[in-house]
Amino acid sequence: MRPPTSAAPSTAAFKRSDRRAMTGHATFVRTMWSPQDGTIEAWAHRYVTSDELPYKLSPPPPPKEWDPSAEPLVLTHPGRPEELTLAGRGTRTPGRDALRRPERRAQLLHTFLHHELQAAELMCRTLLAFPAAPRAFRQGLLSICQDELRHMEMYAEHIERLGFRFGGFPVNDWFWRRVPETTTALQFVALMGLGFEGANLDHTARFAERFDQAGDARGADVQRRIGQEEIPHVAFGVYWFEKLGHAPLTFDTWRAALPSPLSPILMRGNPIDREARARAGMSGAFTEALFRFQPTQ
Ligand SMILES: [Fe+2]
Ligand SMILES: [Fe+2]
């Protein structure tokens, strides 16, 4: 059954202990707060909750002012345009031969575009959830959101070159079902910045190679450029993981910060791109431990 696509997103706001919200357990308490018009928070809120496809693909630039009276606002799901069909489960990744068909390449890029959309939304969700986090952290989330919007455009352009459009294939809100489990800024950085964005470094390299093999050099180039631009996102994760957690990034400190029951196995590609991860600031020991991790550990 198709889930509702334009259900009003939750606008319930929750208040919590600021210090605990940064690194430890947070207790949510419902409050009635909404951002002031013309602020970054209002822009972020509208971006997450909008159910208009043109707005999701190309919102206006964000304002410059932060809301001085911001309180924690926890959005649990995004607005979804009716043009997007939500699939109950993800589609299987096409194999090498299947990617010779433009339709399958467009479908794969469509999945990646939807990942970028969810990443953009989740950056907004997180800057709204943790108003007491350092300004530089929240500014960084906003800046990453702008990168993700550009990545969406890059994918959309190539999908159109292949003869398709955003909305032409079903989508799956996989990230939105997992990231709201994070109740602290540290957990968010561990899961999204280091876990999912780290895996993206592996995936973009692997699929760029597959697109080349399928004869789509332009599609390969799009993925390589996006992969390069994801490196600073992971570096942002490394920096803030250590800053918020007051401890160096190791495989064990990272695992301890992941919301249960999410496994590191979801957060690596095959093969792992050791060079890209090193450029993002992950140590060789971290990457090796991730590579060797087995679910029975
Ligand atoms: Fe991206
Ligand atoms: Fe990213």
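These legends accompany close-up views of a predicted model.

Figure 1. The protein has 297 residues, and 43% of them count as buried. Its elements follow the order β-α-β-α-α-α-α-α-α-α-α-α-α along the sequence. Take the contacts with a separation of 6 or more. Residues 24 or more positions apart account for 77% of these.

**Figure 2. Helices α4 and α5 side by side.** Helix α4 covers residues 102–129, and helix α5 covers residues 135–161. Their axes come within 8 Å. They cross at roughly 160°. That angle is over 145°, so α4 and α5 are roughly antiparallel to each other. The crossing of α4 past α5 is left-handed. The residues of this contact divide into 19 nonpolar, 4 polar and 3 charged.

**Figure 3. Helix α2, mostly covered.** This helix spans residues 40–49. Of its 10 residues, 7 are buried. They are Ile 40, Glu 41, Trp 43, Ala 44, His 45, Tyr 47 and Val 48. The buried residues of α2 pack against α4 and α5. An α-helix has 3.6 residues a turn, so residues three or four places apart point the same way.

**Figure 4. The packing of α5 with α8.** Helix α8 runs over residues 217–245. The axes of α5 and α8 lie 11 Å apart, and the packing angle is about 170°. An angle over 145° counts as roughly antiparallel, so α5 and α8 are roughly antiparallel to each other. From α5, the contact is made by Phe 137, Gly 140, Ile 144, Asp 147, His 151, Met 154, Tyr 155 and His 158. From α8 come Arg 218, Gly 219, Val 222, Ile 226, Glu 229, His 233, Phe 236 and Trp 240. The residues of this contact divide into 8 nonpolar, 5 polar and 3 charged.

**Figure 5. Glu 230, a buried residue in helix α8.** Within 10 Å of Glu 230 there are 25 other C-beta atoms. A residue with 20 or more counts as buried, so Glu 230 is buried. Leave aside residues up to four places away in sequence. Glu 230 then touches Glu 197, Asn 200, Leu 201 and Thr 204. Glu 148 lies 82 residues from Glu 230 along the chain. Their C-alpha atoms are separated by 9.0 Å.

**Figure 6. The largest nonpolar core, with 69 residues.** The residues with the most contacts inside this core are Met 123, Cys 124, Val 189 and Phe 241. Helices α2, α4, α5, α7, α8, α9 and α11 each supply at least two residues of the core. Of these helices, α7 covers residues 185–213 and α11 covers residues 284–292. Val 189 touches Leu 194, Gly 237, Trp 240, Phe 241 and Leu 244, not counting residues up to four places away in sequence.

Figure 7. Ser 260 has 6 C-beta neighbours inside 10 Å. A count of 12 or fewer means exposed, so Ser 260 counts as exposed. Ser 260 and Thr 182 are 78 residues apart in sequence. In space they are 9.5 Å apart, C-alpha to C-alpha.

**Figure 8. Cis peptide bonds at Pro 261 and Pro 271.** A cis peptide bond joins Ser 260 to Pro 261, with omega about 5°. Another cis bond joins Asn 270 to Pro 271, where omega is about 5°. Pro 261 sits in the loop between α9 and α10. Pro 271 is found in the loop between α9 and α10 too.

**Figure 9. His 246, in the loop between α8 and α9.** Phi of His 246 is near 55°. This is a positive value in a residue other than glycine. His 246 has 8 other C-beta atoms within 10 Å. Because residues with 12 or fewer count as exposed, His 246 is exposed.

Notes
Residues numbered from 1 in each chain as written. Chains lettered and ligands numbered in written order. Predicted model: local features only at pLDDT ≥ 70, side-chain atom pairs only at ≥ 80, totals over all residues. Axes fitted to C-alpha atoms, helices over the stretch in contact; angles between N-to-C directions. Helix = DSSP H or I, 4+ residues; strand = E, 2+ residues; numbered from the N terminus. Parallel < 35°, antiparallel > 145°, perpendicular 65-115°, else oblique. Left-handed = near helix turned anticlockwise from the far one by under 90°. Nonpolar A, V, L, I, M, F, W, Y, C, P; charged D, E, K, R; others polar. Contact = placed C-beta atoms within 7 Å. Core = buried A, V, L, I, M, F, W, Y, C linked by C-beta atoms within 7 Å.
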